[in-house]
Amino acid sequence: MADRRVTVQAAVPVAVVGRAMVRAIIDYVVERRYTSRDGAIGIRGRVAEPEQRFDHAGTPVRVVSCPSSLAAREVLAQRVPDEWLVIVTDRPESDLGPGVLTHLVGQQLRSPDPWQAVRQRFAATGIDAQLITRHGHRDLALGLLDVLPTDGWPPAPAGLLTRDHAFGAVARHALGLPDGPVDAVTVLGWSSRQATPGQLADLRTRGGDRLCDAVVAWLGAAAGDAAPAVTELLLAGRPGDLLPLGLAVKLLTDSEQRPAAELALARLSHRWTPAPDTAIRQLAEQTGTITGTLLLDARRRADAEQALARADQLLKEGQATHLTAESDLLGSGLEARFRELADALLGETTTSGDGIERAWRRIGDHALGETHPLRSAFHGAVRLSRWLADVDHGSSGAAGHRAAAFAGLVRRQLDVDGYVDAAVNDAAAGAADEHLGKALGHVLSLSRDARDAHDAAFAKALGDHGVAEFEPLTDTGGAVFPLERVLPDLVIPLARRSPVLLLVLDGLSTGVSVELFDDLINAAGARWQERLFAGQERRVAGVSVLPSITEVSRASLLAGRLTQGQQNVEHKAYGALTSAHGVAASLFHKGDLDKVRGGHSVADTVRAAIDDVERPLVTCVLNTIDDALDRSDPAGTHWSVDAVKHLSALLERARDAGRTVVITSDHGHVVERRQGYSRLASGVPGATRHRPVGGVSTSSTSGSASSTGVSTGSTGVSTSSTGAVAEDEILVRGDRVMTSDHTAVLAVNERLRYGPIKAGYHGGANPAEVVVPVIALVPSDVEQPDDVGLATPAEPDWWSGPTDSARRATRLFRATRGPSDLTLAQQPLLDEPEPAEPGGFGAAVVATPTYADQRTLAGRIAITDEQVVRLLDALSQSAHGRISITQVAKILGVAVARVPGAFEQLRRLLNVEGYSVVRRDPSTGMVILDEQLLREQFGVGR
């Protein structure tokens with residue numbers, strides 16, 4: 001029998017051919033001038049799917065798995081010349097035979113070399129041995145091909161593809177690593193991005209474990225001594241824990257409570273094991289600085305806040321929350337500071353306030369203090385505590401002189417209590433925490449009692465003087481105008497000198513005006529500055545007609561005389577007034593302003609009137625604030641320029657036309673805070689804060705009335721058991737009381753209403769309803785004539801800072817002349833500079849030889865030594881040596897618009913040899929002092 005021997009040939013393993021490899025081989029043959037018409041491409045290997053189709057460089061590609069020569073022949077018979085046919089087979093060329101090979105480009109099967117494809121993709125002439133000699137290098141190359149970006153990898157420098165270039169390219173493309181040097185700071189900052197965990201997972205899916213692990217190890221190595229911890233967390237898919245764990249470990253390693261801290265570290269150690277503790281501690285040393293840097297970057301702040309919140313969670317897991325109180329970064333540390341402030345407010349509100357100010361500064365020192373949701377409420381409470389420490393609980397004005405007393409109380413509402421109303425509105429937002437809410441409520445209660453006394457005194461003075469026609473009061477520390485005299489005495493004379501846009505913001509109270517004018521005048525980059533009316537040294541206060549309702553007060557304002565009526569009456573009376581004064585004018589109401597064509601922000605007729613500067617006066621009535629009393633929530637609205645419909649567009653139009661803007665109102669309002677009470681009245685349908693005498697039919701309450709001390713008006717009518725005039729009301733009678741019999745009963749207590757509950761009310765005798773601001777504005781970047789007076793900031797001392805510091809720093813309400821005076825006039829910016837505090841920080845600097853030399857080098861400048869002393873003292877006492885542009889203006893006694901010029905002079909005096917002792921934050925405009933550098937430069941010790 002013949003000897004039959006069977007030769008078994010060992011199978012040669014073949015590679016998996018992915019789409020990236022197919023693309024690389026197509027590019028390789030194209031470089032050698034082959035096209036799809038020259039034949040199919042044969043590749044020895046295997047594919048995961050029997051057939052794939054895709055486009056490459058604009059040409060269709062068909063990839064087919066062919067396990068035999070017969071299968072290859074069938075596929076070749078169907079080949080289309082205008083597409084690449086790629087045959088992938090695990091058979092050797094000898095099995096395919098010449099009949100198949102003849103139809104292949106180059107008459108051969110190509111064995112894929114992934115590193116050759118990688119070299120081609122990086123335009124490299126060589127590959128670093130660190131890449132091609134490592135374990136699993138073939139999978140690494142395949143991964144580099146699988147994650148190839150659409151526009152290709154960046155060419156290898158000098159032709160050599162190094163580990164740093166390859167992994168850096170992958171990290172930047174697939175993981176979002178920023179360009180530039182790769183170090184611990186870069187890696188930790190990158191790890192905190194919210195997109196990073198997903199990108200790492202995607203890289204592992206697309207590029208494989210070998211590539212992902214290699215890139216992670218490369219990133220970890222960049223962290224230096226912290227590499228083991230960084231690599232461990234990245235390999236575990238937890239990059240977001242790098243910063244939080246570092247922050248937690250840093251706080252624990254720095255804690256003075258060692259036993260508790262060490263125990264917490266032990267509880268958390270499983271989160272970085274098997275990395276050694278030394279690595280996580282090295283990581284911790286850098287996390288605080290990195291997190292602080294991220295917080296300053298608006299684009300990354302959310303990532304930093306997320307890391308801080310996660311750090312707090314980790315410390316809670318480690319049972320170490322009680323150790324976070326002193327942290328300047330962690331949210332739990334800030335919460336502890338708010339509780340500290342709450343304790344101070346509950347115990348020190350009516351005392352010196354040192355504890356309150358210390359706690360408030362500590363909140364300002366915290367990295368999250370400026371943006372915490374509770375900051376506004378507690379800032380309002382701190383401001384109220386300062387006001388309460390010095391509040392005058394009695395009346396204001398010249399005793400025995402009714403006009404002067406009335407004017408003084410009107411000015412108090414405009415200059416002080418309007419700011420109190422704004423602070424109350426902030427504090428009333430409240431806090432969910434019981435203890436914090438109790439502290440806010442305590443301050444609000446004390447403020448309410450003080451304001452009730454003020455309101456009662458105002459109502460009494462209003463009944464004594466404000467019920468009859470009166471001449472403007474100009475000799476009582478600030479002008480007070482009856483509202484019907486504002487147009488003929490202030491606005492029309494101003495319009496004769498330069499065209500004016502008068503904006504009547506219906507319902508604008510002094511409290512709302514604080515927010516609005518802060519946005520208009522004091523905010524960084526504000527485009528308007530306040531100017532003074534001729535002959536005035538301060539902002540003008542207006543007094544509404546009574547009752548303080550739109551029908552009588554707005555009509556009288558626009559008519560320039562006492563009258564009442566709706567829009568048709570206003571138009572007719574306004575036309576008569578302006579014609580009588582020989583001034584061409586236009587009046588627009590809500591309906592006119594709303595007729596805006598698509599794509600425009602100002603109605604055509606309104607725009608044409610504003611642009612026509614031959615028309616000296618244009619008046620627009622804006623109803624947003626008054627409408628909010630019925631339909632929304634005036635207390636919960638931040639009254640910025642953009643919050644008032646049409647206001648921003650009208651201001652810009654006036655600015656472009658070169659018009660001065662005057663903003664005023666017909667009346668203010670009080671806010672419903674669900675703490676009030678009702679008294680049903682008859683005789684005036686829809687009235688909420690006024691009623692006729694004897695108009696009370698029944699009495700019902702929800703809450704209790706606080707005694708105001710007001711029981712009678714100027715008529716001497718007493719309270720009766722029928723409710724004719726209660727102690728929280730006042731009876732008024734006179735020409736300016738625009739009822740049929742010129743008599744009315746007005747609510748005094750802000751919590752009393754006569755009608756259904758709304759978001760707010762007006763019509764009563766509360767100063768928040770009766771007193772309105774009258775303010776003139778000019779562009780801040782346009783030089784004004786020398787005879788135009790610019791106003792200094794109007795806010796009271798306690799609004800910006802502790803009252804004692806404010807008293808030392810400046811005096812209120814000093815007017816200055818002309819923005820160019822600062823650089824041209826060789827005279828002090830303050831007419832009567834106050835002496836510097838002996839031995840203070842600022843005085844010590846000014847007394848040095850270095851300062852004397854700087855003063856000589858600076859040449860002719862207008863800023864005085866006394867002003868420098870006050871500014872340095874204020875900066876040294878502020879949190880982080882930072883004060884706002886408004887505070888600087890008050891300290892220097894200049895308009896806000898003049899601060900940049902004053903600051904440049906200050907820089908010339910203090911920035912020795914160009915070092916930045918003082919600088920301005922470009923985003924906020926705040927002035928910042930580097931006190932340590934100043935002490936070194938000027939030789940001033942502590």
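This is a predicted model: local features need pLDDT of at least 70, side-chain atom pairs count only at pLDDT 80 or more; totals for chains, interfaces and linings use all residues.
1. Ground rules. Local features need pLDDT of at least 70 and side-chain atom pairs count only at pLDDT 80 or more, while totals for chains, interfaces and linings use all residues. Residues are numbered from 1 along each chain as its sequence is written, and side-chain values use heavy atoms, with hydrogens and water left out.

2. Cysteines. The count of disulfides (pairs of cysteine sulfur atoms within 2.5 Å) is zero. C66 is buried at a relative accessible area of 1%, where buried means under 20% relative accessible area with a 1.4 Å probe and protein chains only. C212 is also buried, at 1%.

3. Strands here are DSSP runs of E with at least two residues, numbered from the N terminus, and two of them pair if DSSP finds at least two bridges between them. An open antiparallel sheet has three strands in the order β25-β27-β26. Because β25 (882-883) and β26 (918-920) each have a single partner strand, one side of each lacks a neighbour in the sheet. Three bridges join β26 to β27 (residues 927-929), and V918 sits opposite L929 in β27.

4. A cavity is a set of points on a 1 Å grid over the protein atoms alone where a 1.4 Å probe fits but cannot get out. Among the 20 residues lining the largest cavity, Y419, I521, N522, R539 and A794 are closest to its centre.

Terms used: Buried means under 20% relative accessible area, exposed over 50%, partly exposed in between (1.4 Å probe, protein chains only). Helices (H or I, at least four residues) and strands (E, at least two) are DSSP runs, numbered from the N terminus. On a 1 Å grid over the protein atoms alone, a cavity is a set of points where a 1.4 Å probe fits but cannot get out, and a pocket is an open set with protein on both sides within 12 Å along at least five of seven lines; lining residues have an atom within 4 Å of a point.
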